[in-house]
Amino acid sequence: MQVILDWDGTATVDDTLIVALREFGDWQVYLDAAAALRRGEITLHEEIRRDAESIKTPLEDVQAWLVENLELRPGFHELVERFPTTIVSSNFRQLIEPILEREHIDLEVRANEVEWHPEGWRARFTTGEACGTCGEPCKRAAMPAANGTIVYVGDGYSDRCAAQLADRIFARAGLARYLDEQAVRYEAYEDLHQVVAALG
């Protein structure tokens, strides 16, 4: 069994990039980009690019703030200690790895990259090719090769396509609502202790 764990809103209580934007970026940029994504006018990559560009603070300052303030979802430690787990995120590796280091956890992280620039952060995406399933660049391309049962745990827009590659899906929030609309079977959770219990 292999667990594929989304980061923002799944492994963490809050979305890492959104809380960084609220603290260091331009909140209106986020609101406008999120609305455009909901209307289908832009891709998730474009939303993330716009969000990142609104942050001009040095990367190490934001990392330090996140290490001080970001909370992991209850059950995270138990899940990753009991089951082989890979983090697959549309966020930036540079915002994820400092939190894992704080927690003394070593996991494979498949995520995008970001570089500081004085005019705003520059996002670098691991895949720019449109997915043959959903039609936009997505996390499906970052999914590890299947090796036994694949379990996907997610909560949001970025998980919609990739989750459907899994044998079992655990969903909450926006991902659960989307899967309901698509009549795709999933198991609901609110904390990761519930996922651990369900997996046995």
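The axis of a helix is here a line fitted to the C-alpha atoms of the stretch in contact, and the angle between two helices runs from 0 to 180 degrees between their N-to-C directions. The structure to which this applies is a predicted model. In it, helix H3 (residues 27-38) packs against H4 at an angle of about 175°, and their axes lie 9 Å apart. Because angles over 145 degrees count as roughly antiparallel, H3 is roughly antiparallel to H4. From H3, the residues Val29, Tyr30, Ala33, Ala34 and Leu37 meet Leu44, Glu47, Arg50 and Asp51 of H4. Sorted by class, this contact comprises six nonpolar and three charged residues, with no polar ones.

Helix H2 (residues 16-24) and helix H5 (residues 59-69) pack at about 115°, and 11 Å separates their axes. Angles from 65 to 115 degrees count as roughly perpendicular, and H2 and H5 are therefore roughly perpendicular to each other. The crossing of H2 past H5 is right-handed. On the H2 side the contact is formed by Thr16, Val19, Ala20, Glu23 and Phe24, and on the H5 side by Asp61, Val62, Trp65 and Leu66. Six of these residues are nonpolar, one is polar and two are charged.

The strands form an open sheet of seven, with mixed pairing and the order E4-E3-E2-E1-E5-E6-E7. At its edges are strand E4 (122-124) and strand E7 (187-188), each of which pairs on one side only. Helix H4 (residues 44-53) packs on this sheet, where it touches E2 and E4, and its direction makes about 65° with that of E2.

Strand E2 (residues 85-92) runs parallel to strand E3 (residues 108-115), and four bridges join the two. Within this pairing, Val88 has Arg110 of E3 as its bridge partner. Thr86 is also located in strand E2. Its relative accessibility is 3%, so Thr86 counts as buried, the limit for that class being under 20%. Leaving aside residues up to four places away in sequence, Thr86 touches Gln2, Val3, Ile4, Leu5, Glu108, Arg110 and Pro144.

Further along the sheet, strand E5 (residues 150-154) is mostly covered, with five of its five residues buried. The cover extends to both faces: Ile150, Tyr152 and Gly154 are buried on one side, and Val151 and Val153 on the other. Strand E1 (residues 2-5) is joined to E5 by four bridges, and the two strands run parallel. Here Leu5 has Val153 in E5 as its bridge partner. E5 also pairs with strand E6 (residues 168-171), again over four bridges and in the parallel sense. In that pairing, Val151 stands opposite Arg168 of E6.

Strand E6 also contains Phe170. With a relative accessibility of 1%, Phe170 falls under the 20% limit and therefore counts as buried. Residues up to four places away in sequence being left out, Phe170 touches Val151, Tyr152, Val153 and Gly154, as well as Leu175, Glu187, Tyr189, Val195, Ala198 and Leu199. Between the C-alpha atoms of Phe170 and Leu66, which are 104 residues apart along the chain, the separation is 26 Å. Leu66 belongs to the H5 side of the contact between H2 and H5.

Key: Residues are numbered from 1 along each chain as its sequence is written. This is a predicted model: local features need pLDDT of at least 70, side-chain atom pairs count only at pLDDT 80 or more; totals for chains, interfaces and linings use all residues. Side-chain values use heavy atoms; hydrogens and water are left out. Two strands pair if DSSP finds at least two bridges between them. Contact means heavy atoms within 4.5 Å. Angles under 35 degrees count as roughly parallel, over 145 as roughly antiparallel, 65 to 115 as roughly perpendicular and the rest as oblique. A crossing is left-handed if the near helix is turned anticlockwise from the far one by less than a right angle, and right-handed if clockwise. Ala, Val, Leu, Ile, Met, Phe, Trp, Tyr, Cys and Pro count as nonpolar, Asp, Glu, Lys and Arg as charged, and the others, Gly among them, as polar. Buried means under 20% relative accessible area, exposed over 50%, partly exposed in between (1.4 Å probe, protein chains only).
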